[in-house]
Amino acid sequence: CRASCASAVRFRLTQAGAQALQAVGLVFAEGTRLRSHGDSSEPGQHLAGDFARVLTARLIELGWLECSGNRALRVTHVGETELRSSWSLESRRFRL
């Protein structure tokens with residue numbers, strides 16, 4: 001896994017991303033490497049590793065996400081509002 005995990009790093013946290021995370025109580029440095037990977041349950045890539053776990057846990061704690069089944073997450077009404085206003089994200093533009 002180490003070789004495949006190392007090659008899965010595709011993203012780095014931007015300054016704007018670090019600031020947006022800090023606004024919700026998460027501290028990550030600009031340039032932090034973000035792992036991603038694909039799996040058989042969803043098309044495309046998604047965040048993986050410690051960053052993904054911490055971010056997911058925080059968004060659930062804030063009530064922006066909720067568990068809706070086996071490993072499935074749903075964006076709540078609060079989350080939809082906050083993701084739109086705080087991070088300029090529209091729920092139709094991303095998959096969780």
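Predicted model: local features only at pLDDT ≥ 70, side-chain atom pairs only at ≥ 80, totals over all residues.
E80 is partly exposed, at a relative accessible area of 29% (buried means under 20%, exposed over 50%, and partly exposed in between, with a 1.4 Å probe and protein chains only). Residues are numbered from 1 along each chain as its sequence is written, and side-chain values use heavy atoms, leaving out hydrogens and water.

**Salt bridges**

- E80 forms a salt bridge with R84, with 3.4 Å between the closest N and O atoms (the term requires a side-chain nitrogen of Lys or Arg within 4 Å of a carboxyl oxygen of Asp or Glu).
- Both E80 and R84 sit in helix α4, four residues apart, or about one turn of the helix; R84 is partly exposed at 36% relative accessibility.
- In total, the structure holds four salt bridges.
- Another of them joins the side chains of R58 and E61 at 2.2 Å, N to O.
- R58 and E61 are both in helix α3, three residues apart, again about one turn of the helix, and E61 is exposed, with a relative accessible area of 61%.
- R74 and E66 also form a salt bridge, their closest N and O atoms being 2.4 Å apart.

**Overall layout**

- The protein has four helices and five strands (DSSP runs numbered from the N terminus: helices are H or I with at least four residues, strands are E with at least two).
- Reading from the N terminus, the elements follow the order α-β-α-β-β-α-β-β-α.
- Of the 96 residues in the protein, 24% are buried.
- Among contacts with a separation of 6 or more, 28% are between residues 24 or more positions apart (a contact means heavy atoms within 4.5 Å).
- The protein exposes about 6800 Å², and carbon and sulfur atoms supply 51% of that area (by the Shrake-Rupley method with a 1.4 Å probe; for residues, only the protein chains shown count as cover).

**Nonpolar core**

- The largest nonpolar core contains 14 residues, and L21, L55, L59, W64 and W87 have the most contacts inside it (such a core is a set of buried Ala, Val, Leu, Ile, Met, Phe, Trp, Tyr and Cys residues joined through side-chain atoms within 4.5 Å).
- Helices α2 (15-23), α3 (49-61) and α4 (77-87) each supply at least two residues of this core, and the largest share, three residues, comes from α3.
- W64 is buried at 6% relative accessible area; beyond four places away in sequence, its partners include V24, L59, R74, E82 and W87.

**Aromatic pairs**

- A search of the whole structure turns up two aromatic pairs (rings of Phe, Tyr and Trp, the last by its six-membered ring, with centres within 6.5 Å; planes under 30 degrees apart are stacked, over 60 edge-to-face, and the rest tilted).
- F28 and F51 form an edge-to-face pair, 4.9 Å centre to centre with 70° between the planes.
- Because F28 lies in the loop between α2 and β2 (33-39) and F51 in helix α3, this pair ties together parts that are 23 residues apart in sequence.
- F28 is partly exposed, at 21% relative accessible area, whereas F51 is buried, at 9%.
- W64 and W87 make an edge-to-face pair too, 5.6 Å centre to centre with 70° between the planes.
- This pair links distant parts of the chain, with W64 in the loop between α3 and β4 (65-67) and W87 in helix α4, 23 residues apart.
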